[in-house]
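Okay, thanks everyone, let's get started. Have a look at the screen.

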Amino acid sequence: LNSEESELTMTNHAHLRKDSEVLLRVEDLVVEFKVPGNKVVNAVSSVSFDVKEGETLAVVGESGCGKTTLGKALLQIQRPKSGTVRFEENELTSLSKSDLRSARTSIQMIFQDPISSLDPRMTVRQIVEEPLWIWSKGNENERLEKVKTLLNNVGLDPELVLDRKSYEFSGGQCQRISIARSLALEPKMLICDEPVSALDVSIQAQILNLLNDMKDRYGLTLIFISHDLSVVKAISTRIMVMYLGKVCEIGTTESIYSKPAHHYTAALISSVPVPDPTHKAERTPITGEPPSPVDPPSGCRFRTRCPAATELCATEEPMLREVSDGQFVACHYPRA
């Protein structure tokens with residue numbers, strides 16, 4: 001690297017904390033998909049972040065920004081083109097299949113659609129017990145007791161649900177079963193991919209409260225992927241905002257909500273409805289449609305929709321820089 005490239009790389013990692021402080025550290029992760037016409041979709045473009053033990057990092061952004069792809073790439077379900085994913089002492093991108101399989105026991109994922117993520121041919125007991133059976137954890141009686149404990153902890157009566165199939169339950173109940181299954185091997189981290197977006201609003205709060213309870217009970221670290229900022233405010237300790245495969249802003253929940261520095265973040269927060277008829281909302285509209293990830297704009301990817309964009313935004317990509325304590329933004333003209 002020449003001095004200019006070296007400085008650029010350091011700047012883009014300015015928000016990363018010491019290795020000794022973090023459970024997960026991701027650097028320069030790139031995920032691409034080939035599409036017809038010999039073209040490439042830039043789903044995740046050089047994303048770097050870290051997560052401390054016990055934190056809940058919310059990854060937010062509109063549909064198509066790369067949130068779910070990022071979550072799958074962390075577990076190597078979707079193999080990245082380049083970059084590193086370090087979980088504890090393991091560099092996941094370079095592990096063999098058998099070592100990766102072992103490492104995944106410490107990181108589990110909860111998927112967006114709770115009904116289709118469960119096998120309709122299996123009973124609830126089989127679904128929750130399967131990880132224990134695969135990894136030879138305990139004898140049959142011990143596994144059954146563990147299953148009953150997990151179901152009780154997620155608010156389901158084992159006597160009523162053990163021998164029933166997943167299609168007999170509502171979406172909220174299926175998500176509770178999914179959470180019980182994800183906790184069977186006592187992981188250190190859960191990646192929650194929009195776990196409440198497919199549920200009724202009345203059920204969403206119950207599942208969010210359950211995730212918070214399980215986090216405290218099992219000492220979990222969470223990555224919570226969502227497009228709904230009203231949801232993540234209730235559960236996150238830090239927020240990372242993505243747009244078209246890039247990180248726009250990252251900071252504590254309080255700083256992001258009280259003083260968003262990126263114009264895109266401000267627009268997202270202003271769109272959150274406030275349940276108060278006397279509240280006069282000040283909207284920050286975003287004009288136009290998101291550009292194609294096959295052919296993203298030069299410089300700042302948000303510039304085609306940004307009210308503060310100038311020629312500089314088209315020629316030079318902004319790097320993440322600190323604007324307040326622990327709050328970093330990738331913008332040439334951050335909001336005051």
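So, start with strand β2, because I'd like you to find it first: it gives the largest share of the lining of the largest cavity, four residues. Before I go further, keep in mind that this is a predicted model. β2 covers residues 39–52, and along with β10, at 246–252, each of them supplies at least two residues of that lining.

How much space lies in the largest cavity? About 220 Å³. It has 20 lining residues, and the closest to the centre are Lys246, Val247, Glu317, Pro318 and Ala330. By class, the lining of this cavity splits into ten nonpolar, seven polar and three charged residues.

Now, how many cavities of 30 Å³ or more does a search of the whole structure find? Three. The second largest cavity holds about 70 Å³. Look at who sits nearest its centre: Cys300, Cys306, Cys313, Cys331 and His332, out of 13 lining residues. Nine of the lining residues there are nonpolar, three are polar and one is charged.

The largest pocket has about 550 Å³ of space. There are 19 residues lining this pocket, and Arg104, Gln108, Pro131, Arg181 and Leu185 are the closest to its centre. Which element gives the most to the lining? That's β6, with four residues. β6 runs over 107–110, and β6, α4 and α7 each put in at least two lining residues.

Around its centre, the closest of the 13 lining residues are Ile269, Ser270, Val272, Val274 and His279. In that lining you get seven nonpolar, three polar and three charged residues.

Last stop, helix α4, residues 124–134. Its buried residues are Val124, Ile127, Val128, Glu129, Pro131 and Leu132. As for the spacing, an α-helix has 3.6 residues a turn, so residues three or four places apart point the same way. What covers the buried residues of α4? The cover includes α5 at 140–153, α6 at 158–161 and α7 at 171–182. And after α4 comes Ser136, with a positive phi, near 55 degrees.

That's my tour, happy to take questions.

Notes: Residues are numbered from 1 along each chain as its sequence is written. This is a predicted model: local features need pLDDT of at least 70, side-chain atom pairs count only at pLDDT 80 or more; totals for chains, interfaces and linings use all residues. Side-chain values use heavy atoms; hydrogens and water are left out. Buried means under 20% relative accessible area, exposed over 50%, partly exposed in between (1.4 Å probe, protein chains only). Contact means heavy atoms within 4.5 Å. On a 1 Å grid over the protein atoms alone, a cavity is a set of points where a 1.4 Å probe fits but cannot get out, and a pocket is an open set with protein on both sides within 12 Å along at least five of seven lines; lining residues have an atom within 4 Å of a point. Grid points are joined across faces, edges and corners, and a volume is the space filled by probe spheres set on the points. Ala, Val, Leu, Ile, Met, Phe, Trp, Tyr, Cys and Pro count as nonpolar, Asp, Glu, Lys and Arg as charged, and the others, Gly among them, as polar.
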